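Please look through the structure below with its sequence beside it. The paragraphs that follow take a few residues at a time and describe where they sit and what they meet.

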Amino acid sequence: MPYLFHCIPDLLFAAMMPVATVMPDDTPMFDPRILQELDWSENTTTFSPAISPLDPGDGLVLRPLCTADLNRGFFKVLGQLTETGVVSPEQFIKTFEHMKRSGDYYVTVVEDTNLGQIVATATLVIEHKFTHSCAKRGRIEDVVVSGECRGKQLGKLLTSTLTLLSKRLNCYKITLECLPKNVDFYKKFGYLVSDENYMFQRISSDLKVDEFHGIYTM
């Protein structure tokens, strides 16, 4: 008992110490080599001037998302697409690690290295199916380019890159949703308007509702 009493101040001090947290770093969500090794000759979209995943433009780098991008304006760019809500660093890192562990999320960004800022992003999600002989389906989501960088073909580059990546990962189908005004843009990549209706049920009422038309490519 005397020993326990003697230890109580130390135990209280330890309980008051802050819990160690994971700090943002440059560890990529997925192996960047999978982007670097894409066969760009299979790309069917025209770029003028010519750009590619390896050469996206002066001072620009196309790469996987890393947690340090939290401090490089990642949410500022994403917020130009839809409501992001208030996200703490801990929430961001926890979600990032979940996506990284799953191996089915390919959140890709373009960084302006001169500014140290993220200027564009898009995500490829891989769904595993029991149908089609346990095939995989790719879904392209959250394609957005920062306002000041529009006109640099970065949306085209991200969409082309993730479409090729879907094929590289042997997806039997690639789908995405977009606003009606963007349908012609995605047709450039071989996407077609689906006969199916895109339907949703919004669970959280505090988020902005977007209406989409489903389009897809084989």
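E127 counts as partly exposed, because its relative accessibility is 22% and buried would require under 20%. Like everything described here, this value comes from a predicted model. The side chain of E127 meets that of R137 in a salt bridge, with 3.6 Å from N to O. The two residues are ten apart and belong to separate strands: E127 to β3 (residues 117-128), R137 to β4 (residues 136-145).

Side chains of opposite charge can pair when their charged atoms come close. How many salt bridges does the rule give? The count comes to eleven. Another of these joins E111 and R72, whose closest N and O atoms are 3.9 Å apart. This pair links distant parts of the chain, since E111 is in strand β2 (residues 105-112), while R72 is in the loop between β1 (60-64) and α3 (74-78), 39 residues apart. E111 has a relative accessibility of 11%, so it counts as buried. R72 is also classed as buried, because its relative accessible area is 18% and the limit is under 20%.

R63 and D69 form a salt bridge too, and here the closest N and O atoms are 2.6 Å apart. Are these two residues buried or exposed? Both R63 and D69 are buried. Salt bridges with shared partners join D26, R63, D69, R72 and E111 into one network.

Next comes F30, found in the loop between α1 (2-16) and α2 (33-36). F30 has a relative accessible area of 8%, so it is buried. Which residues does F30 touch, not counting those up to four places away in sequence? They are L35, P64, Y105, Y106, V107 and T108. V107 is 77 residues from F30 in sequence, yet their C-alpha atoms are 8.4 Å apart in space.

S160 has its place in helix α6 (residues 154-168). Its relative accessible area is 3%, and therefore S160 is buried. Leaving aside neighbours within four places in sequence, S160 is in contact with W40, N43, T45, F47 and F189. With N43 there is also a polar contact between the side chains, at 3.4 Å. F47, one of the residues in contact with S160, has the charged end of K156 over its ring, 4.8 Å from the ring centre.

The last topic is the aromatic rings. A pair of aromatic rings is described by the distance of the centres and the angle of the planes. The structure holds eleven aromatic pairs. In one of them, the rings of F92 and F96 have their centres 6.4 Å apart and their planes at 40°, so the pair is tilted. Where do F92 and F96 lie? Both are in helix α4 (residues 89-102), four residues apart, which is about one turn of the helix. F92 and F96 are both buried.

How values were computed
Residues numbered from 1 in each chain as written. Predicted model: local features only at pLDDT ≥ 70, side-chain atom pairs only at ≥ 80, totals over all residues. Heavy atoms only, no water. Buried < 20%, exposed > 50% of the residue type's maximum accessible area, 1.4 Å probe, protein only. Contact = heavy atoms within 4.5 Å. Salt bridge = Lys/Arg side-chain N within 4 Å of Asp/Glu carboxyl O. Polar contact = N/O pair within 3.5 Å; in protein donor to acceptor, adjacent residues only side chain to side chain. Phe/Tyr/Trp six-rings, centres within 6.5 Å; stacked < 30°, edge-to-face > 60°. Lys NZ or Arg CZ within 6 Å of the ring centre and 35° of its normal.
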